[in-house]
Amino acid sequence: MKVYVSGLYCGGNPQPGVGIVRSLRQAFPNATLVGVEYSNRVSGIHWDDLDDLWIQRPWDELDLESYGERVRQALDEGGLWISGSDLEAMWLADLFPNGHRNLLAPPLAALKRITKPTVEAASGLPVKIPPYISTEHSDWDLHAFCREHNWRVWLKGPYYDAARTPTWDSFAAARNALTKVWSTERLFLQSHVSGYEESVMLAAYKGELLGAVSMRKREITPEGKTWAGDISEVPEEFMAPLRRMVKELAWTGGGELEMVRDASNQLWLLEMNPRFPAWVHGATIAGHNLPALLVQGATGAMPKPSVAHGQEFTRVVLEVPVRGDYPLPPLPEPFAGAIGHSMKHPSGLTSLAKKLHKANPDLLEVVVEEDGPDGLPAIPDSFVADIDSYDFARVQTPQFLFMDQTASGLFKRAADRAHRLSTNEVQVVSGYSIKTNPDERLIKLALDNGFYAECISLLEVQKALEVGFRPDQVILNGPAKWWPEGLMPKERMHAFFCDSIADLERTLTAMEAGEMSSRHVGIRIRTPNVVSRFGIPLDSPGTFRKLVEAVKRLPADTAFGVHFHMASDRIGVSQWWHLFESMLKWCRSIEKLTGRTIEVLDMGGGWFPDDWHSDDESKFAKAVGTVKAMLPGVRQIVSEPGKAMAQPSMALAMRILEIQEHEDDSIEAVVDASIAELPMYFFYPHRMLRKCSETGELQPIGRGKTNLMGRLCMEHDIVAANVQLPEGSKAGDLLIFCDAGGYDRSMSYVFGRG
Amino acid sequence: MYLAAAELRLDLLEREDSLPLASERWQHFPYSCFSHHEAACCEVAREWIIANDFAQLNGGDLKTGPRWLRQKYEWGPSSWPMHWCDVVERDVIDCGAHAALAHEAFAARGVTAFRAQFVQKYSADATVQWRKKWGDEEVSDHWLTDDAIYHEGNALLVGDDEVKLWDASAGWWINARQAGGGYGSLVAVRIFADGQWGGGDGFRWGDHRIKPNQWHQL
């Protein structure tokens, strides 16, 4: 018996080849085991259980057609083949779409039904699939997915590789890298599942399940790979549907279902691999020799009985002699000035991915939706109406455009919602954060719609008063409320929230001295476990005790309040709601320990417009109910939506100055705007439009190979990367970046204008 | 390690006919409880533990182990009695204090949890080290025998009658496979439960069925 085994890589993220060989040697001492590899740098080729080696040139050099013929010949001559590499298994499935009696790998039809992330074939198993989204969706939608899942998301490639993307810029960088490495734009984002990893390994021949075993990871490498584990039988409630799945797929070969078990005992399926896992010999040690079962199933040859040496296994590091006929190759020279030797994928797997794509573009593509998205963001009608109201012949670009209809609609909507949520016991009002955009038109809209003015400095207070707010409609918070000196209103303000205990003590002193007056005096709290520089920290019992003591000193005739702000778009929407609940628990403790009733709650900050305006109102209604239940003394909730009001209320118009086409199909278009007008470019995507110079039509801009370079002579001045300008775009064309009315506008700076 | 009075309840059984069960030494030993000054100092501390535990959940499942407690408080010798206002200020607390804090956290979350006592097997070398460490701090080392130790933790109800055992001072769930023998293994467990949980067939933990309020040998 001759068995070819591939996938002999033995680095930190090992392939299963050596484990398969060890297991086969244990079961079939006289078998001829041939190691197949595509680089002599792969250390597994030196494992002495291998009788022979079949070392091929790396995939980037290999002629797949002639190599395929040689593989066919080896199989025709009776050799069995167990693949230890996903991509090689795919190539073999493509080469033998209907299988080969000696190829112990799954057929093409089966592989197509286990593609990530849906793993459609596993629908009968007692598992769930973590939420995901294809990166073919617009950046706008992808950002929404990240927010929805609290930025605990992974960007995953079609075969290997996954990158945590906790921020928008890290996502953009990872997407570019994975797209380049794996030669495909079809990646997907998947929500992280917290829990313990476990796997089920199986062996099957022509749809008959020969064996399966469960493994829980007990030690993991920094990459999250198995270092030690325990082995157990697969429970029948999993085994029965697994047997059906294997039969439906007519599966042949090894396989692995990688899963996470969460705290509620729910299993989440991350992926199914078309091969044995790298820990395959760990199961053999526990008496479950699945490679042997596979060979037995295919040939009828009887293996030596498996002996269980224990139910747990671990890895150790072993040094083995290098084969004399395969001396170690030299280390590549580090790139000049670079660190390391740049040795990833020595067998050229990424080249195989590229070749497979070229030969068969549909082979195992990530297809997560039947009707693929067009990658274009939806543009609200009010945006179009507002933009169409401008005579661009008169607009000197770059220019911020006030979106009148959009802004009016947003403020009215917020006011209506606040009215609906109010009850006889609790009034819900909105607060407009002046710093988000101090444009007088927006402040006036806030005033007209019953908002309070939320200010962080006395200059902002002056601005609010100038526009028409009364002092008793002003809420002052932040660490610099006293700046600049001399501008503190003598009239009574609505609320004054202190950012530290020292700030609270200063406030009490100033109130006693008649230097300021506020109907409510309160504190901003910084809930633990969230990085923030604002508010009074609660992360130690000592600071909590000091806070309690300070609040007790508040004059009895001053109403008490609590202020809680955290950018929901940065931490994620459900995480924000958790923090909200956490904040209420802290408030309840503060009430209990101080004897002071909280009468006003000011909450919000940093809401992404879609999350605020489009979100199911029942969440807000539920929140009001929770406040009433936990803090019955609260009379007013000030809801501060932050940039949700300002961000959609302005757009930035710019013109293309020049278009440069490069040999690699990439395009650089220079525009007259810059990151000086779009400082938030790195933090969230903007919906972009081109105004067609011939028809005047507003055309949404999707993903492509064009980088929009700002006008500044600064290396990082790229206002949009990887976009697709519509056909016919040329110098002089007008582009409009929507969603620029928040911190883009208020934090824009004068630069490069002489 | 625990209430000084409790040490008087240690059962030092001498048997000639057979080796005593490891747990017999702690047959009548109560689990650890904090004292309360009935004043604001202790109430502030207790409220802080409860509110901070919820904050540390980070939006995760309510049945997630409160590992932050182990991160904040190292495991080591503690003198008893211990008041709430005292424990939160310490850097190092023993397993009884850890388990008491964890129980408070679980209860405040609204999940069903029980106090648990463990006997674990280690080695003579390990107990010699611990005995020295506890001695250096002038804290009782009654929790140590030759190669077995008394330990405290929690049992969290995760199904109709299934529990997971939380080792609060390690910050992990005890593996049901790691029972009965070997270094670090659990050799006996006692779960304190009353009311509807105080009778019946007891709790299921892995392949074991554990009757409440009595030592169960594994």
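Begin by selecting the largest nonpolar core, which has 132 residues, and colour within it Tyr432(A), Ile523(A), Phe544(A), Phe580(A), Leu601(A) and Leu708(A), the residues with the most contacts inside it. A nonpolar core here is a set of buried Ala, Val, Leu, Ile, Met, Phe, Trp, Tyr and Cys residues joined through side-chain atoms within 4.5 Å, where buried means under 20% relative accessible area, exposed over 50% and partly exposed in between, with a 1.4 Å probe and protein chains only. The largest share of this core, 11 residues, is supplied by helix H18 (residues 573-594) of chain A, and at least three residues come from each of domain 2 (381-401 + 648-746) and domain 3 (422-641) of chain A.

Before going on, note that this is a predicted model, in which local features need pLDDT of at least 70 and side-chain atom pairs count only at pLDDT 80 or more, while totals for chains, interfaces and linings use all residues. Residues are numbered from 1 along each chain as its sequence is written, chains are lettered from A and ligands numbered from 1 in the order in which they are written, and side-chain values use heavy atoms, with hydrogens and water left out.

Next, centre on Phe580(A), which, if residues up to four places away in sequence are not counted, touches Phe564(A), Met603(A), Ala623(A) and Val627(A); contact means heavy atoms within 4.5 Å.

Now colour chain A by domain: the assignment gives domain 1 (2-123 + 194-329), domain 2 (381-401 + 648-746) and domain 3 (422-641), with bounds that come from an automatic or database domain assignment. The centres of domain 2 and domain 3 of chain A, taken over C-alpha atoms, are separated by 37 Å, and where these domains meet, 9 residues of domain 2 are in contact with 9 residues of domain 3. About 710 Å² is buried between domain 2 and domain 3 of chain A, 62% of it from carbon and sulfur atoms, buried area being the accessible area (1.4 Å probe) that two parts lose on being put together, summed over both. On the domain 2 side, select Met650(A), Tyr743(A) and Ser746(A), which lose the most area to domain 3 and together account for 46% of what that side buries.

Staying in chain A, move to Val461(A) in helix H14, a buried residue with a relative accessible area of 1%. Leaving aside neighbours within four places in sequence, Val461(A) is in contact with Cys455(A), Val474(A), Leu476(A) and Pro489(A), and its C-alpha atom is 8.4 Å from that of Met488(A), 27 residues apart along the chain. Then select Gln473(A), in the loop between helix H14 (458-467) and strand E18 (474-476) of chain A; Gln473(A) is also buried, at a relative accessible area of 14%.

Finally, turn to chain B and select helix H5 (residues 95-109), whose 15 residues should span 21 Å at 1.5 Å a residue, in agreement with the 21 Å between its end C-alpha atoms. Helices (H or I, at least four residues) and strands (E, at least two) are DSSP runs, numbered from the N terminus. H5(B) is mostly covered, with 12 of its 15 residues buried, including His98(B), Glu104(B) and Arg109(B). At the start of H5(B), a side-chain oxygen of Asp94(B) reaches to within 3.1 Å of the backbone nitrogen of Gly96(B), and just after the helix, Gly110(B) takes a positive phi of about 90°.

How values were computed:
The expected span of a helix is 1.5 Å times one less than its number of residues. A polar contact is a pair of N or O atoms within 3.5 Å; within protein, one must be able to donate a hydrogen and the other to accept it, and residues adjacent in sequence count only if both atoms are side-chain atoms.
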